Structure formats: C-alpha cells, structure tokens
Amino acid sequence: MTKELSVYLGTSNKNKVFWNPKQEKNPHLITVGGSGSGKTETLKAIMLELKKSKINSIILDFHNDFKVFADNLVQIDKATLHPLEVQINEKPLDVCYKVSKMIASVFSLGDVQEAIIREAIKAFYLKSGIKDIKKANNGDIELLPFSFFRDIIFDTPIKNQGVPKLLAKISVLFDVDLFMEADGTSLSLDTIIKNLSVIELLDFPTDEVKALVADLLLKKLVNFLYIKGKCEDYWLYIIIDEAHRMMYPGSPVELLLRESRKYGVGIILASQRPTDFSETILANAGTIIAFQESLDKDAVFLSKQLRIPKVNFQKLKTAGLGYYLFSSKDETEQIQITPVKDRKEYKEIVKNFDEEERADYFNKELRRIKKEKDKYKALEVSNQDQENEIKKLEKEISKLNAEIERKEYSIKKTEAESKEKQKEIIKLSHENDKLDEKLGMRDKKIEKLEKK
Ligand SMILES: Nc1ncnc2c1ncn2[C@@H]1O[C@H](COP(=O)(O)OP(=O)(O)OP(=O)(O)O)[C@@H](O)[C@H]1O
Ligand SMILES: [Mg+2]
C-alpha cells in the first residue's frame, strides 16, 4: 500500500473527510451503530475506495452484501477446509486449544463440553499418527479425514449429562461438505488473497457454521502472516461486518487487532453494539465511527469512548450520519458518510459485474488444486502397483533361490556319495591287488612244486 492512502469517507460541515490510516496509531477502523444506522453502507464505501487505491482486501460476507465489489469471488463452499488442519510451524496442541475454543464460542458451549472437544481433538491427532502434539509441524503431518473426528466425538468415553446436548449442538458440522470432504490438504491463502476478495458465507447452513468458517480462515491468515513476516507498509485489509459473531477472548479477530499492524494488515469491523468490543479494543482502535445508538447502556459506553454526551448518539436519525474519532485528533466530530451510489466509480462497477467471471480465479484455482491432487493420487496408485509387482518378483526370486539351494544340496550329496563310492572302489582295487599278489605268489609256489 502506498503511504499516501487516503480514503474519502464523507462530509463534516461541508468539508470532505478523509481517513489516512498511516497517520493513525494503527490502521484499524471500528464502526458501531444500531440496526439500519449505516454500518454496512460505510464498509461498502471504504471498500470502493480501497479498490480504487488498489489495496488488497478480504471481506467476510455473511449476507451477500458485497459481492458486486469482488475481483475474486471466493465461493468457499465449493472448496474443502479441514477444521483441524495443522499448518507449517503450528503445534497440534495449540490448534487443539484454539479450535476447541472457537467451537465452544460459536456454539455457546460450557467448560466441560469444551474440554470434551479438546480431548477428542487430541485423540484425533493421535489416531492420525502424530506422536508428539507439542512439536511444531515441519511438513510431515498427514491428517485423517475430518469424518474420523465425528466417530471419535460420538464415541467419547466421557459420561456426562452435557454430552448428548453437545452432540446435538455440533452435529451440523458433520453436514458441511467444506469440512467433511476435506482430507489433510486444504485451500491456500494465495488462492484467496487477490485484489478485492469477497468470501461468500451465505450458503452455509447456520450462523454458527458461518462464524466457524470465518474464524478458521482468520486463524489460517494469522499463521500465514507470521510466516510472511513483518511489513512496514499496509498491504491488506480484512473487513468483517457483524463482527460480534467473532468477538470472544482469544479469538483470531482479537489477535489480528493486536498484532496485524506489524505485518502490514489493517482490520475494519462493524457491529451493532459497542459492547461487543472490549474497552481496550475500542480505546486502541486507530479510528472509530459511531452511528445512532438508542440503547442507553450502549450510548453511555460510546459517550465514554468518544468523549461526547450520550444524547448525541441517541438523537441521530439519518442513516449514515454519525461521529468519528481519529487517534491523531483530540476532537470527535460529526460526519455524513457518502453512500456508494453517490460515488463516481460505483455505477461502473455495478454495470460491469459478472458473477461467473469474478468467481473464475478461485474456481480455476480449485480445479487446478483438484487436478494436482488427482495426479498425486494416480501416482500413489501406480507406485502401489509397482510396489506390488516388485513384491511379486521378490517372492518369485526367493522361490527360485530356495530351488537353487535344494539343487545345490542334492548335488553336494551326490558328490559326497560318489566320493564314498570312489573310496570304496579304490579300497576294492587295493584288495584286488593284494589278492592278485597272493595269487601270483601261489602260482609261483605251484610252479616251484611242479618243477620239483
Ligand atoms: N451514508 C448513507 N447515506 C444514505 N443512505 C444510507 C447511508 N447509510 C445507510 N443508508 C441507507 O440506510 C439503509 C440501512 O443501512 P445499512 O444497511 O448500512 O445499515 P446497518 O447499520 O448495516 O444495519 P444492520 O445492523 O441492520 O445491518 C441502507 O439500505 C441505505 O439505503
Ligand atoms: Mg449491516
């Protein structure tokens, strides 16, 4: 991202307001406000500006609100994603804690239920042949398909009254092809990050599954950033509307808010209730835009954060009218966000939108990955065939060797026998000679006698 990135937000007392992330203490922006107050529209406006400035962005789209902006429409339900995937440099035990926490949070599980999930994940890793779950993956981990996890969790030896409820709650996971068709390998972030990527989450069965898919993707992203390394320039924005689904202590979103700046990544979040964010998160956000909040409790919370009276938030009646606070400025000021329809490039974007074409990059990548997997599988099969052929030949060779040994033995035996026989012949011929000698002597005697 260029240092001059300047995002046009709207007007304040007829002056144009620009958001310059580099000037703030971090690149993150949080927007809050009641239903219909203008949050989604604000995100759209920011996306349009990021697109114009050619900054990469990823949006987790729960409602099909942002499709039209996509350069890369990620129809993620067509892919596969192993929820228990251990990425390079990740430790299986860490994944075990993170994923059990995610599942517990999205399905509102209790501590015991979370512990059952945790133990089942450990058992799954063991069954996958991982000997040391505290050792980081250096590339040799091969997981069993996720369907094995279902068998493990459904056969949990733990007897607790929470178990049937737990199984009922999470069983939806085992109806999701994205997970169930996943083997050890999984989609890569290079397939996802391309200009403006919209990740379509609408087609998953429940809100919980959508949140879990989003969480898993963010977890992948965090790891991807760690491997990619630190970066001074902001090169990527992650945008999450209705972020309340994904805010819990230790969530990937929280981690990203704390750490992604160092990796050149900004986060933009929208949520109806300011209390979805902890005070620390709000106090540390580089930029806050707050719209109408009628709930007293929420207005009080905002009043504290933006340092203006709570009635200011309660009195707001127009969509897109709110207050903004930049960390670089002391004063909170009013703002009217300029909606996308009033921005020049929007009409062009809508006119040129072609869903199939926008989904082409991701779907092509999926097809390429599938082809490679098939090739690999075919190679494995032909390797197996060759191994079988070799085994067959080895068997034949060992049979022949045994035959040779048997023959050699019988030759040796015959040789030994013939030696014995020769010895006997020699002995007999000796005896013969002796007899001949004796006969000679007798003949001589007879001769002598006859002469006499
Ligand atoms: N800045 C704006 N200028 C003009 N109209 C706006 C503006 N922002 C929002 N609106 C109008 O108000 C409607 C509701 O806004 P939006 O969908 O952004 O609300 P929201 O805060 O996201 O609500 P929810 O929490 O229910 O998702 C929009 O359909 C749009 O017509
Ligand atoms: Mg909205």
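I take a polar contact to be a pair of N or O atoms within 3.5 Å; within protein, one atom must be able to donate a hydrogen and the other to accept it, and residues adjacent in sequence count only if both atoms are side-chain atoms.

**Ground rules.** I am working on a predicted model, where local features need pLDDT of at least 70, side-chain atom pairs count only at pLDDT 80 or more, and totals for chains, interfaces and linings use all residues. Residues are numbered from 1 along each chain as its sequence is written, chains are lettered from A and ligands numbered from 1 in the order in which they are written, and side-chain values use heavy atoms, with hydrogens and water left out.

**Entry one: T332.** I looked up T332 and found it in the loop between strand 10 (321–326) and strand 11. Strands here are DSSP runs of E, at least two residues, and helices are runs of H or I, at least four residues; both are numbered from the N terminus. A polar side-chain atom of T332 lies 2.6 Å from the backbone oxygen of L306. Is T332 buried or exposed? T332 counts as buried, because its relative accessibility is 13%. Buried means under 20% relative accessible area, exposed over 50%, and partly exposed in between (1.4 Å probe, protein chains only). I then listed contacts, meaning heavy atoms within 4.5 Å. Leaving out residues up to four places away in sequence, T332 touches L306, I308, Y323, Y324 and L325.

Next I checked what surrounds ligand 1. I found 14 residues around it, the closest being S35, G36, K39, T40 and I337. A residue is near when one of its heavy atoms lies within 4 Å. Oxygen atoms of ligand 1 lie 2.8 Å from a polar backbone atom of G36 and 3.0 Å from one of G38. T40 uses a polar side-chain atom, 2.7 Å from an oxygen atom of ligand 1. On its own, ligand 1 has 620 Å² of accessible area, and the protein covers 65% of that. The areas come from the Shrake-Rupley method with a 1.4 Å probe. Two elements give two or more residues to the shell: helix 1 (39–52) and strand 11 (333–337). Helix 1 has the largest share, 3 residues. By class, I noted 3 nonpolar, 9 polar and 2 charged residues in the shell.

Last, I went to L5, in the segment before strand 1 (7–12). L5 is buried, with a relative accessible area of 4%. Beyond residues up to four places away in sequence, L5 touches W19, N20, P21, L50, S53, I55 and Y237. I also checked L5 against L269, 264 residues apart along the chain; their C-alpha atoms are separated by 19 Å.

Technical notes. Ala, Val, Leu, Ile, Met, Phe, Trp, Tyr, Cys and Pro count as nonpolar, Asp, Glu, Lys and Arg as charged, and the others, Gly among them, as polar.
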